[in-house]
Amino acid sequence: MALNDQQAMAPIPSAAPPAIHDTIAADARELSAKLHAHRTKLFPPKARKHLRRFTSGEVAKLVGINDGYLRQLSLEGRGPQPDTTPTGRRSYTFEDIQSLRAYLDESGKGARRYRPHRVAGEQLQVIGVVNFKGGSGKTTTAAHLAQHLTLQGYRVLAIDLDPQASLSALHGYQPEFDVEENGTLYGAIRYDDARRELNDIIRQTYFLGLDIVPGNIELMEFEHETPKALAMRQSGDPLFFARVARALATVQDRYDVVVIDCPPQLGFLTLSALCAATAILIPVHPQMLDVMSMCQFLIMTSDLLAVVAKAGGNMNYDWMRYLVTRYEPGDGPQAQMVGFMRSLFGDRMLTNMMLKSTAISDAGITKQTLYEVSRDQFTRATYDRAMESLDSVNGEIQSLIQAAWGRA
Ligand SMILES: Nc1ncnc2c1ncn2[C@@H]1O[C@H](COP(=O)(O)OP(=O)(O)OP(=O)(O)O)[C@@H](O)[C@H]1O
Ligand SMILES: [Mg+2]
């Protein structure tokens, strides 16, 4: 029988199209597998990140001794011994650098301290990196700050409080692949009996001295569970805002500084981080829409913190600073915006600004920070400019930490 025109045009009957949630789930599965394969290719053979080696010049600068002395130590066989390349260059692992600090402390009889660990009376520094504007540079700032401090010899804990888990990814943890259930901070602050010790959640990174609490989507549970917990609260239960601080108190002896990367929203997670913090760092990109968004963030934050303070939350901060991120010196409107912010906020703006650099964004493509990549992977001037900017910003924050401890 011949088909009439209408029958010929009709779609061929097929099974019902997949529901949208099935399509999205399938996309997620495929993407996750591809990302994992990508990592295996980037970091063979175990798909694990490892840290590069450091030149003797870098080591001397990091440890704060001169290159001649470092050379003498290696010639005399004292302290950790470097590998020597066929051209006679000495190179050190980061483990060597940490042992060199320990060696110098032990052999130097305390004349000078090479490990800047805090001592009795110096409080754990908890730096909350916050702003609810997406893409303001929170994760980039948090990762580079945590790694900078680690390279300087501090004992650092980085906490990824963002369900997007970019900080974890930068440290080699693919959130849906490597982070098991109850493997985020949520595990230590949840309200039910599945709560576990923060100590069991913390993981080491390939930077000796930098530990991480990774993030993934389960952190969202805290946003859902907190209103229920508030409604059913028994007297004596710690309120939501005390939970992060309480978890941190159980591991504080092992660290000098905690850096918390917050999500781009002002929910219970961010508020809890703010209450655990001893210092607040607000990265902001100096453009009109970003600054307007930050204004809304400041209004909401001050309202919410006032409520929390009334309920007994801790509101003592050693410092709070705005950090200009992705700054382009040749951009007139950005310079004007920075001038405007400086006139408003004065000393609460960090003097140094983080420059926009392809070295930072390119390193990000391979899930690395500028501290991990080596100089010869970039045009030297580009690398040097970015590194100088990073070091000056992080050096300024380091001075604030020192000041909070009452050190010179
Ligand atoms: N100084 C910089 N130079 C160049 N690119 C940068 C710089 N800082 C950040 N970026 C890039 O800008 C993007 C956003 O930065 P980042 O992820 O740090 O922001 P965020 O505030 O954590 O974002 P979100 O709110 O989504 O968590 C990233 O792609 C990052 O590589
Ligand atoms: Mg982020």
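With which residue does the side chain of Lys 61 meet in a salt bridge, and what is the N to O distance?

Tutor: Lys 61 meets the side chain of Asp 391, and the salt bridge spans 4.0 Å from N to O. The term requires a side-chain nitrogen of Lys or Arg within 4 Å of a carboxyl oxygen of Asp or Glu. The model is predicted, with local features needing pLDDT of at least 70 and side-chain atom pairs pLDDT 80 or more, while totals for chains, interfaces and linings use all residues. Residues are numbered from 1 along each chain as written, chains are lettered from A and ligands numbered from 1 in written order, and side-chain values use heavy atoms, without hydrogens and water.

The count between domain 1 and domain 2 is 1 salt bridge. Across this interface, 2 residue pairs are in polar contact, both residues at pLDDT 80 or more (N or O atoms within 3.5 Å, one able to donate a hydrogen and the other to accept it, with sequence neighbours counted only through side-chain atoms on both sides). On the domain 1 side, α3 (56-63) and α5 (94-107) each supply at least two of the touching residues. Helix α5 gives the most, with 4 residues. By class, that side has 3 nonpolar, 1 polar and 3 charged residues (Asp, Glu, Lys and Arg are charged; Ala, Val, Leu, Ile, Met, Phe, Trp, Tyr, Cys and Pro are nonpolar; the others, including Gly, are polar).

The domain assignment (automatic or from a database) places domain 1 at 54-107 and domain 2 at 125-404. Their centres, taken over C-alpha atoms, are 32 Å apart. In domain 1, 7 residues contact 8 residues of domain 2, with heavy atoms within 4.5 Å as the criterion. About 660 Å² is buried between the domains, and carbon and sulfur atoms give 54% of that area (accessible area lost on joining, 1.4 Å probe, summed over both parts). Of what domain 1 buries, 57% comes from Leu 62, Phe 94 and Gln 98, more than from any other three residues.

The sheets complete the picture. Elements are DSSP runs numbered from the N terminus: helices are H or I of at least four residues, strands E of at least two. Strands pair if DSSP finds at least two bridges between them. An open antiparallel sheet of 3 strands runs β1-β3-β2, with β1 (54-55) and β2 (83-84) at the edges. Strands β2 and β3 (90-92) share 2 bridges, and Thr 84 has Arg 90 in β3 as its bridge partner. Another open sheet is mixed and has 7 strands, β6-β7-β5-β8-β4-β9-β10. Its edge strands, β6 (203-204) and β10 (319-324), have a single partner each, so one side of each lacks a neighbour in the sheet. Within this sheet, β5 (156-160) and β8 (257-261) run parallel over 5 bridges, with Leu 157 opposite Val 258 in β8.

Definitions and conventions:
Buried area is the accessible area (1.4 Å probe) that two parts lose on being put together, summed over both.
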